[in-house]
Structures are given as structure tokens and as C-alpha cells.
Amino acid sequence: MTQTDYAVAPGEVLFDELLARCAERCGLPQETVEAVVCGNQPVTEDIAEALERGLGIRACLWLNLERNYQRDKAVQ
């Protein structure tokens, strides 16, 4: 077994794998999915539609979540 000078948590590997699978399933770049998950990219209409196609969760839900998030963030 090879020793390294860093540790990788299983959750990191899982996170990367889930991002890759979600991106592939939705037809989105992995970077886009990661940016949405991390809160660095708003859910646009195009992204919402891709999420609906890939995950079966209606685009209007994603857009409502984004609208509410942006509203709440602006109030804080």
C-alpha cells in the first residue's frame, strides 16, 4: 500500500462522484453543478430545465428555491 502525505475523507470522493453523475445525467458541466451545490452559481432557467430532465424534479421548484434564496440573502 502506498503512503501519502495527505488524507482524503471518503465523503470527498463521494461528493466528486455524485457531482460527476449528476452532471452527466443532467447534461451539465460538472463545474456548473459544483458551483450550484456550493452556492456560487444561481439556478438559471436553463439549469433548472436540465435538472428537471436529469432528476425528474420540476424546474419551477428549482427556480422558486433560487428566488427565495436570493430574496432571503438580500434581506440579511
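## Cys22 and Cys26

Cys22 is buried, with a relative accessible area of 19%, and Cys26 is buried too, at 5%. Here buried means under 20% relative accessible area, exposed means over 50%, and partly exposed is in between (1.4 Å probe, protein chains only).

So do these cysteines pair up, or what keeps them apart? The sulfur of Cys22 has its closest cysteine sulfur in Cys26, 4.1 Å away, which is too far for a bond. Searching the whole structure turns up 0 disulfides, a disulfide being a pair of cysteine sulfur atoms within 2.5 Å.

## Model and confidence

This is a predicted model, where local features need pLDDT of at least 70 and side-chain atom pairs count only at pLDDT 80 or more, while totals for chains, interfaces and linings use all residues. Residues are numbered from 1 along each chain as its sequence is written, and side-chain values use heavy atoms, with hydrogens and water left out.

The protein chain averages a pLDDT of 95, and 99% of the residues score at least 70; pLDDT is the predictor's confidence in each residue, from 0 to 100. Confidence in the protein chain is lowest in helix 4 (residues 59-75), with a mean of 96, and highest in helix 3, at 98. Helices (H or I, at least four residues) and strands (E, at least two) are DSSP runs, numbered from the N terminus.

## Helix 1 against helix 3

Helix 1 (residues 10-26) packs on helix 3 (residues 45-55) at an angle of about 100°, and their axes are 8 Å apart. Axes are lines fitted to C-alpha atoms, for helices over the stretch in contact, and angles run from 0 to 180 degrees between N-to-C directions. The two helices are therefore roughly perpendicular (65 to 115 degrees; under 35 is roughly parallel, over 145 roughly antiparallel, and the rest oblique).

Helix 1 brings Cys22, Arg25 and Cys26 to the contact, while helix 3 brings Ala50, Leu51, Arg53, Gly54 and Leu55; contact means heavy atoms within 4.5 Å. By class, that gives 5 nonpolar, 1 polar and 2 charged residues. Ala, Val, Leu, Ile, Met, Phe, Trp, Tyr, Cys and Pro count as nonpolar, Asp, Glu, Lys and Arg as charged, and the others, Gly among them, as polar.

## Thr2 and Glu12

Thr2 sits in the segment before helix 1 and is exposed, at 71% relative accessible area. Glu12, in helix 1, is partly exposed at 46%.
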